[in-house]
Structure formats: C-alpha cells, structure tokens
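Hello,

Please find the structure below. My notes on its charge pairs and overall build follow.

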Amino acid sequence: FMPGNKLLVFVSGSGTNLQALIDGIHHTRKARIMLVISNRRSAYGLKRAEAADIRINVETLKEFKESGRGERRDYDLHLASIVNREDPDLIVLAGWMHVFSQEFLTTVKCKRIINLHPALPGEFDGKDAIGRAFQAWKEGKITSTGVMIHHVVAEVDKGQPVVVEKVEIKKDDSLSDLEDRIHTVEHRLIVQAVELILLELAAEVTKP
C-alpha cells in the first residue's frame, strides 16, 4: 500500500461503513481519509470522523437552494469543486443518499468513485434494497441476496462491481436479522474494495 493515498468519503447517516474504513484503512495507515462530506447535519458519521480527527464538511441541498445559490445541478457542481480542491485518489460513497448527476461525474477530476449497495448486481437497484429483497424472499422469488461495492456511473447502482458477496436469507429471519447480517458483510467488503483499489493505484505507480 501507498500510505500517501488520499480518500474522500461521502456519508448521509450513521456512518458504520465510514467507521469500518476509519478502523481498517485510516488507522492502519493504508491510506488517509482527508475529508468526510455529509448532506445531513444530523449524520452520526460526522461525529465518527471528528473522533478520528478527520475534517468534516456539511453541505445540504436544502440550505444550498435556500441561500439562492442554485438548484440540484449547481449543488452537484459545488460538491465537485470541493472534491477537486481536495484532489483525492479515491472517492467512497458510504451510505450517501443523494444520486449524483452526470455533471458531477464529468466535472470531478478523480474518476475512481465507488459506492456500496446492499444487493447483488442487477437486483434491487435504488432505495430500500434490503426491504425489497426480504419481501421477494417471503414471496418465494429469491433464496439469497447480497452486497456489492461498485464503480459509480450516472445510472443508479449500474456501475461495474469491484467486489460482490452473496448473503443468505435464513428461514426464521426477520427483516432486522437480515439487515444485521448484511451490515456485517458491508463493513468487511467496503474495506476489501478500498484495499483492492489502493493496490491498483500502487501497481500503476510502480509500472516501469
């Protein structure tokens, strides 16, 4: 690993996947999380970042619009300008509940952007993936679900997977049992995906 590699993480919620990255990547010095951006002031992930002495930035779409700075597209361009100032090697969306526009993806200089999605590729894209998988299982349509970390493209949850893992649904499972099992896999997989990309970055640097 190249300890100088810089990560920028986007979070919207409790930040358990951010915590997995803080413990598995940042504290082990495999790379440095330089900034955590949230679109919600109440996101507990911000407290996790502060506890690890990582800088935070809160940018809410509502406040952006109310301050007269523009609409959703302008907000995305504003976020892209923050990212470009930081110049990260990798951007991780770790429970980020805002779909980036094509403008963001085109404007941002860092083209390595990965997202976590609690479903297998091509299944249950978009919101409430775990709830929808659980319902499909109850209806006898599926026997398992999964977790993937994938590259981000404009189409939601359609980017090329970095890592994928199947998660079984057990016969006595409640929705919260399944959620717990999936979250445990997420925490391991998000670190694994970042490690794989860091190794790719290191290989590029050492190419003759």
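**Salt bridges and overall build**

E204 and R112 form a salt bridge, with their closest N and O atoms 2.5 Å apart. (A salt bridge is a side-chain nitrogen of Lys or Arg within 4 Å of a carboxyl oxygen of Asp or Glu.) E204 lies in helix α7 (residues 175-206) and R112 in the loop between α5 (102-107) and β5 (113-117), so the pair ties together parts 92 residues apart in sequence. E204 is partly exposed, at 42% relative accessible area. R112 is partly exposed too, at 21%. (Buried means under 20% relative accessible area, exposed over 50%, partly exposed in between, with a 1.4 Å probe and protein chains only.)

This is a predicted model: local features need pLDDT of at least 70, side-chain atom pairs count only at pLDDT 80 or more, and totals for chains, interfaces and linings use all residues. Residues are numbered from 1 along each chain as its sequence is written, and side-chain values use heavy atoms, leaving out hydrogens and water.

K158 forms a salt bridge with D125; the closest N and O atoms are 2.7 Å apart. Shared partners in salt bridges join R73, D74 and E103 into one network. The salt bridge count is 13.

Now the whole chain. It has seven helices and seven strands. (These are DSSP runs numbered from the N terminus: helices are H or I, at least four residues; strands are E, at least two.) Buried residues make up 50% of the 208 residues. The C-alpha atoms fill a box of roughly 50 × 50 × 30 Å, taken along the principal axes.

Best wishes
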